[in-house]
Amino acid sequence: MRIILLGAPASGKGTQADKLGARFGVPKVSTGDMLRAALKAGTPLGKEAEKYMSAGGLVPDSVVIGLVEERLGEADARTGFILDGFPRTVPQAEALSALLQRLGTPLDGVVQIDVDRELLMERATLRRTDKRSGQIYHLKYNPPPPDAELEHRADDREETVKKRLDAYDAMTAALLPHYQRLGLLKRVDGVGEPAQITGRILSALGKN
Ligand code: AMP
């Protein structure tokens, strides 16, 4: 199972990537998670990436392509992967195609999770993470327990979210037609319970 999940920030893409990864026994490969880990570890790559991430911009293609090439070369990704947050540009998509061609492992599909902008803003600005467990909560829809140690991702603040949504719209303007031309694009409605949305993704992929 080799799929790309596309969806704006707070579209539920990360949650769906976790669920699909568990279901098919393949890793979720999230460039956002890898970059945040590099940032936390204070590596040179993390420090470089922070400049772009904290401003809500995109990290340069060469940096993320390098990360993904390395990650997809690891043993657990040989049987498949759920790509979350990559590719975000046409050059990244082309680098990925070239890599998968070299590995002889084509994509099964590209799934776009559709959620309207107003709901995305509300989801992101009220999203909180428990520092200890990494569990994600929503102050309105999925309130955290009283003892949670909550963290608000710096890039989930309103002004930054707006920029990230604009960057996402600009990105998909080129990326969606790219995958449509290749006959790989499926679109699913991302409003509903997570399990329901997983069901929609599986039917779009013809895997249920
Ligand atoms: P995410 O968790 O996927 O929303 O990613 C958080 C931030 O990491 C983004 O706002 C970008 O700054 C950076 N990032 C993650 N993936 C990519 C990518 N494929 N290309 C460029 N920047 C990325």
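A residue counts as buried when its relative accessible area is under 20%. This cut-off is applied here to a predicted model.

Strand β1 spans residues 2–7. Six of its six residues are buried, so the strand is largely enclosed by the rest of the structure. In a regular strand, side chains alternate between the two faces of the sheet. Both faces of β1 are covered. Arg2, Ile4 and Leu6 are buried on one side. Ile3, Leu5 and Gly7 are buried on the other.

Strand β1 also has pairing partners. One is β3, residues 81–84, which runs parallel to β1 and is joined to it by four bridges. Within this pair, Arg2 has Phe81 as its bridge partner. Another is β4, residues 109–114. Strands β1 and β4 run parallel too, and five bridges join them. Here Ile3 stands opposite Gly109.

Most residues other than glycine have a negative phi, and most peptide bonds are trans. Ala10 is not a glycine, yet its phi is positive, at about 70°. Ala10 sits in the loop between β1 and α1, the latter covering residues 13–24. Its relative accessibility is 9%, so Ala10 counts as buried. Pro87 belongs to the loop between β3 and α5, a helix of residues 90–103.

The ligand is surrounded by 16 residues. The closest are Thr31, Gly57, Gly85, Arg88 and Arg164. By class, the shell holds six nonpolar, five polar and five charged residues. Helix α2, residues 31–41, gives the most to this shell, with four residues.

An N or O atom in the side chain of Thr31 lies 2.7 Å from a ligand nitrogen. The side chain of Gln92 likewise places an N or O atom 2.9 Å from a nitrogen atom of the ligand. For Arg36, a polar side-chain atom is 3.0 Å from a ligand oxygen. On its own, the ligand has 480 Å² of accessible area, and the protein covers 95% of this.

Key:
Residues are numbered from 1 along each chain as its sequence is written. This is a predicted model: local features need pLDDT of at least 70, side-chain atom pairs count only at pLDDT 80 or more; totals for chains, interfaces and linings use all residues. Side-chain values use heavy atoms; hydrogens and water are left out. A residue is near a molecule or strand if one of its heavy atoms lies within 4 Å of it. A polar contact is a pair of N or O atoms within 3.5 Å; within protein, one must be able to donate a hydrogen and the other to accept it, and residues adjacent in sequence count only if both atoms are side-chain atoms. Accessible areas come from the Shrake-Rupley method with a 1.4 Å probe; for residues, only the protein chains shown count as cover. Helices (H or I, at least four residues) and strands (E, at least two) are DSSP runs, numbered from the N terminus. Ala, Val, Leu, Ile, Met, Phe, Trp, Tyr, Cys and Pro count as nonpolar, Asp, Glu, Lys and Arg as charged, and the others, Gly among them, as polar. Buried means under 20% relative accessible area, exposed over 50%, partly exposed in between (1.4 Å probe, protein chains only). Two strands pair if DSSP finds at least two bridges between them.
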